[in-house]
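Subject: Structure handover

Hello,

Please find the structure below, followed by notes on what was found in it.

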Amino acid sequence: MAQPVTLDRASQKDVLLTTKRESLWQDALRRLVRNRAAVIGGVIILILYLTAIFADKIAPYPYEKQTLVDQNKVPAWMLKVFPTMQPYAKISDKYLLGADYVGRDLFSRIVYGTRVSLTVALIGPLISLFIGVIYGSISGYFGGRLDNIMMRIVDVLYAFPGLLFIILLMAFFRSTLARPEPGTFAYSISQLDARMGGMLFIFIGIGLTAWETMARLTRGQVLSMREKEFVEAARTIGATDLRIMFRHILPNIVGPLVVAETLAIPGYITTEAFLSFIGLGVNPPTPSWGSMISEGAQVIRTYPNQTIFPALALAITMFAFNFLGDGLRDALDPRLRGTQ
C-alpha cells in the first residue's frame, strides 16, 4: 500500500518560494472575467463594434435611401406593442422597425448610427489621454512654478461649462466655414469635415474640453509616484527625466487613467447625441442616434417607434460602457488584489 508523501518544513518553504505570484494584470483580468456585468458589457460593446464595421452587410437598405410612398410605415408586429397606432398606421413588413417620415428604414439607420457613436467612443478617449496625460505628466513631474502656471490654465478652462463651450465652438465652426473660398485652408477643413459626415468638428470640440479632467488626474498620480523609492533609485543611477516618466511612472499609473476614460465614454456619446439632437452634430443624411431621436420626437405621440428604438440603442450602449468601466475599476483596484 502506498504511503502518503509528507514534506518537512524546509521543503514546504522551498515550494512556497518557487510558486510564482500572479502579476497585477493577470490578477485584474481574472477578477474582471468573474464580474458578470462587466463581461456582459464587454460582449455588448464587441457586438456593437462588429455591427459598426459590417454595417454595409447588416443593414438591409442604404441609410440615405428614401421611399416617400413608405413614409411612417410600420410592420404588423408593432401594432401589438403599440395598439394605439392601429386606426391610422400603414402596414409594411419589409421594414423591421418601420420607416421614418421620408420612408427611410429605421433599422438600417440605427445600424449605421453605431458608427458615429462608437467612433466618438474611440476618438474621444484617445484625444483626452494624449493631451491630458502629456500635460498632467509634465505638470506633476517638474512641479514648482511650471506646475502652478499649468494648473491655473486648467482652472481657467474649467470655469467654462464644457457642453456650452462645445455648442459655441460648433456654432462658430459651422457658421465660419459655411461657404469658404476654394483653395483656402478653411475650404480644405470644410471638405474634410464633409467627408467625415460632420464628425471632424465634434472631435475638435470634445478634444478641446475633455482633457482637463485627465490632466488633473494624471498630475495627482505623478505627484504621488515621483517620490517613490524606485523612482529615486532610477534618478540615482542616472536615468533621464524622460526615461523615468515613460519607463517607471506612466506604466504604474495607466490603470486608473484607463478606468477613468472608460467611465467617461458615456459622457462623450451623450455629448455627440445631444449635439445631433439640437442640430449641431453630424451632417444630414448621416444617421446619428441623437438626430433620429430629435426627428422622432416630433411624432412621438403617433409613431413612438421612431424615438424609442434609437433611444434604446443609445441607452444600451451607455449601460455597456458603464458596466465595463465599473468592472475595470474593481479589477484594477490594488486594495482588492488577491481577493476572489
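In this predicted model, α13 (289-297) gives three residues to the lining of the largest cavity, the most of any element. Helices here are DSSP runs of H or I of at least four residues, and strands runs of E of at least two, numbered from the N terminus. A cavity is a set of points, on a 1 Å grid over the protein atoms alone, where a 1.4 Å probe fits but cannot get out; lining residues have an atom within 4 Å of a point. Its volume is the space filled by probe spheres set on the points, which are joined across faces, edges and corners.

The structure holds one cavity of 30 Å³ or more, and the volume of the largest is about 30 Å³. Asp-100, Leu-106, Arg-109, Met-292, Glu-295, Gly-296 and Gln-306 line the largest cavity. Both α6 and α13 give two or more residues to that lining. By class, the lining has three charged, two polar and two nonpolar residues (nonpolar: Ala, Val, Leu, Ile, Met, Phe, Trp, Tyr, Cys and Pro; charged: Asp, Glu, Lys and Arg; polar: the others, Gly among them).

Just after α6, Gly-143 has a positive phi of about 60°.

On packing, the largest nonpolar core has 34 residues, and Val-74, Met-85, Ile-110, Ile-269, Trp-289, Leu-314 and Phe-321 have the most contacts inside it. Such a core is a set of buried Ala, Val, Leu, Ile, Met, Phe, Trp, Tyr and Cys residues joined through side-chain atoms within 4.5 Å. Buried means under 20% relative accessible area, exposed over 50%, and partly exposed in between, with a 1.4 Å probe and protein chains only. Among the elements that give two or more residues to this core are α6, α12 (241-277) and α14 (305-331). With eight residues, α14 gives the most to this core.

Beyond four places in sequence, Ile-269 is in contact (heavy atoms within 4.5 Å) with Ser-117, Val-120, Ala-121, Leu-314, Thr-317 and Phe-321.

Leu-332 is found in the segment after α14 and is buried, at 15% relative accessible area.

Local features need pLDDT of at least 70 and side-chain atom pairs count only at pLDDT 80 or more, while totals for chains, interfaces and linings use all residues. Residues are numbered from 1 along each chain as its sequence is written, and side-chain values use heavy atoms, with hydrogens and water left out.

Regards

Methods. 1 Å grid on protein atoms, 1.4 Å probe; cavity = no way out; pocket = protein on both sides within 12 Å on 5 of 7 lines; lining within 4 Å.
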